[in-house]
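Hi,

Here's the structure I promised to pass on. Have a look at it first, then read my notes on its pockets below.

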Amino acid sequence: MDKLPAQMTVVAISTPGGPEVLVPEQRAVPQPGPDEILVKVEAAGVNRPDVAQRSGAYPPPPGASDLPGLEIAGEVVAVGSNAKRHKIGDKVMSLVAGGGYAQYCIAQDAQAMSVPPSLSIKEAGALPETLMTVWHNVFERGGLKAGETLLIHGGSSGIGTLAIQLAKAFGAKVLVTVGSQDKIDACLKLGADRAINYRNEDFVAVVKEETNKAGVNLILDMVAGDYVDRNYDAAAVDGRIVQIATLNGPKVSVNIAKVMVKRLTHTGSTLRPRSNADKAAMVAAIEQKVMPLLREGRIKPLMDSAFPLEKAADAHRRMETSAHIGKIVLEV
């Protein structure tokens with residue numbers, strides 16, 4: 001740690017509110033614990049949970065940094081006494097429980113992954129949280145198999161665009177809902193079999209048409225609200241719905257008889273509060289199953305825009321327009 005600066009620039013949340021509450025400030029450079037590494041951040045992904053935290057709706061878990069930022073990429077500059085996977089000088093990308101909006105960030109050694117040569121550092125910074133969310137919810141929790149049909153709500157989001165690519169790579173048919181022609185074009189280019197404009201099409205009717213009335217096997221939903229009951233209509237017998245966000249609100253009214261008649265499974269998860277052991281297990285599975293696709297360049301995050309760290313407020317404004325297609329990152 002001798003050669004590292006004592007202070008660093010971070011972007012903190014001055015008080016819960018709009019994008020303007022994201023303010024640069026100076027803080028001490030953190031020191032890694034035994035199982036941790038310190039990363040000199042070069043890129044940090046911007047995600048919906050960051051927006052929720054900024055507004056006061058998603059507090060960090062106990063012991064986590066109060067700074068926003070859940071995924072980073074950069075160079076390892078210090079390692080804890082038990083850290084064996086990565087060494088000083090390695091380029092890594094990692095999920096973090098917070099603290100990504102900073103020049104330096106602590107990561108768990110077991111959660112960091114080496115950046116493959118096929119990815120730029122900006123792409124790497126846009127990947128870990130998104131990749132772990134997609135892998136766990138679509139494949140581990142949702143159990144997607146080759147030959148099944150997946151419906152993704154928010155298909156042009158960072159999560160949606162990666163889920164399209166992974167689901168296609170593993171042999172599934174993919175339908176998505178989006179809100180504009182630009183987003184339709186982007187999703188089809190990534191391999192989606194059908195993109196539905198929810199502004200002028202009924203996704204339930206299109207699903208029935210695309211599946212010969214059978215319905216979809218799995219739905220990845222970040223919308224909730226009135227989508228939940230419609231998801232039950234769109235799902236096949238023995239279908240699964242995985243909830244990963246509630247953009248239209250968490251309180252819903254549903255006809256529970258649909259769950260019984262179709263034998264549906266409706267589950268959900270959030271990544272941030274999961275234990276370090278859980279997250280390390282996800283990373284191990286991703287390194288085995290997905291990293292070969294990343295190294296070959298068959299999978300990569302679709303990039304929307306990049307902003308300097310100090311302009312994090314503008315990055316949040318971009319995200320809140322919902323005009324973005326793919327990932328927004330901060331360059332540090």
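Which element gives the most to the lining of the second largest pocket? It's β6, with 5 residues. Strands here are DSSP runs of E with at least two residues, helices are runs of H or I with at least four, and both are numbered from the N terminus.

Before going on: this is a predicted model, where local features need pLDDT of at least 70, side-chain atom pairs count only at pLDDT 80 or more, and totals for chains, interfaces and linings use all residues. Residues are numbered from 1 along each chain as its sequence is written, and side-chain values use heavy atoms, with hydrogens and water left out.

A pocket is an open set of points on a 1 Å grid over the protein atoms alone, where a 1.4 Å probe fits, with protein on both sides within 12 Å along at least five of seven lines; lining residues have an atom within 4 Å of a point.

β2 (22-28), β6 (104-108) and α9 (276-289) each give two or more of them.

Now the largest pocket, at about 1,100 Å³. It's lined by 48 residues, and R48, S157, M222, A245 and L247 lie nearest its centre. The largest share of that lining, 6 residues, comes from α3.

Cheers

Terms used: Points joined across faces, edges and corners; volume = space filled by probe spheres on them.
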